[in-house]
Amino acid sequence: MSAAWWTSFADAAAAVCLLGGSFLAFAAGVGVLRFPDLLARMHAVTKPQTLGLVLVLVGLALRLRTGATVWALLLVVVFAMLTAPVAAHLVGRAAHRTGRMSPERLLVDELTRDAHTDDD
């Protein structure tokens, strides 16, 4: 009876994770289309998309339940968590340096100050 309970619980948790992750990935896509500027779009791509991917992969791991699959999915989660913030940071810096974002929307602009001190 214990194994049947765990299987039912894991399947229900997998369904919740898959639905939640799918919703977050969909919200990230809508944010990319609807947000007005680059920084807001960049936020929509990195935050909910990464969490959505993690939830989908957790749901998949709960559903499949094999050791090799879980380890492979864990590697995907680790690489996604490492690369998404770095990619967002580089996109933001590139947009700032090329003038693709509006500086009046920033409350604090540390990159302009750092760019002037690097040239000295």
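Modeller: Let us begin with contact, which means heavy atoms within 4.5 Å. Helices (H or I, at least four residues) and strands (E, at least two) are DSSP runs, numbered from the N terminus. Buried means under 20% relative accessible area, exposed over 50%, and partly exposed in between, with a 1.4 Å probe and protein chains only. In this structure, helix H2 (38–64) is included in what covers the buried residues of H1.

Biologist: On what basis are such values given?

Modeller: This is a predicted model, in which local features need pLDDT of at least 70 and side-chain atom pairs count only at pLDDT 80 or more, while totals for chains, interfaces and linings use all residues. Residues are numbered from 1 along each chain as its sequence is written, and side-chain values use heavy atoms, with hydrogens and water left out.

Biologist: How many helices and strands does the chain have?

Modeller: The chain has four helices and zero strands, and the order from the N terminus is α-α-α-α. Its radius of gyration is 20 Å, well over the 14 Å that the globule rule gives for 120 residues, so the chain is more spread out than a compact globule. That radius is taken over C-alpha atoms, and the rule is 2.2 Å times the number of residues to the power 0.38. Along the principal axes, the C-alpha atoms fill a box of roughly 70 × 30 × 20 Å.

Biologist: What share of the residues counts as buried?

Modeller: Of the 120 residues, 22% are buried. As for contacts with a separation of 6 or more, 65% are made by residues 24 or more positions apart.

Biologist: How is the span of a helix judged?

Modeller: The expected span is 1.5 Å times one less than the number of residues. Helix H1 (residues 2–34), with 33 residues, reaches 47 Å from its first C-alpha to its last, close to the expected 48 Å. Helix H3 (residues 67–98), with 32 residues, reaches 46 Å, close to the 46 Å expected.

Biologist: Which residues of H1 are buried?

Modeller: An α-helix has 3.6 residues a turn, so residues three or four places apart point the same way. In H1 the buried residues are Ala10, Ala14, Cys17, Gly21, Leu24, Ala28 and Gly31. Gly20 also lies in H1, but is partly exposed at 23% relative accessibility. The C-alpha atoms of Gly20 and Leu53 are 9.8 Å apart in space, and these two residues are 33 apart in sequence.

Biologist: Which residues of H3 are buried?

Modeller: Those of H3 are Leu73, Val77, Ala80, Ala84, Ala88, Gly92, Ala95 and His96. Consider Ala80, whose relative accessibility of 14% makes it count as buried. Leaving aside residues up to four places away in sequence, Ala80 touches Thr50, Leu53 and Pro85. Between the C-alpha atoms of Ala80 and Thr46, which are 34 residues apart along the chain, the separation is 9.8 Å.
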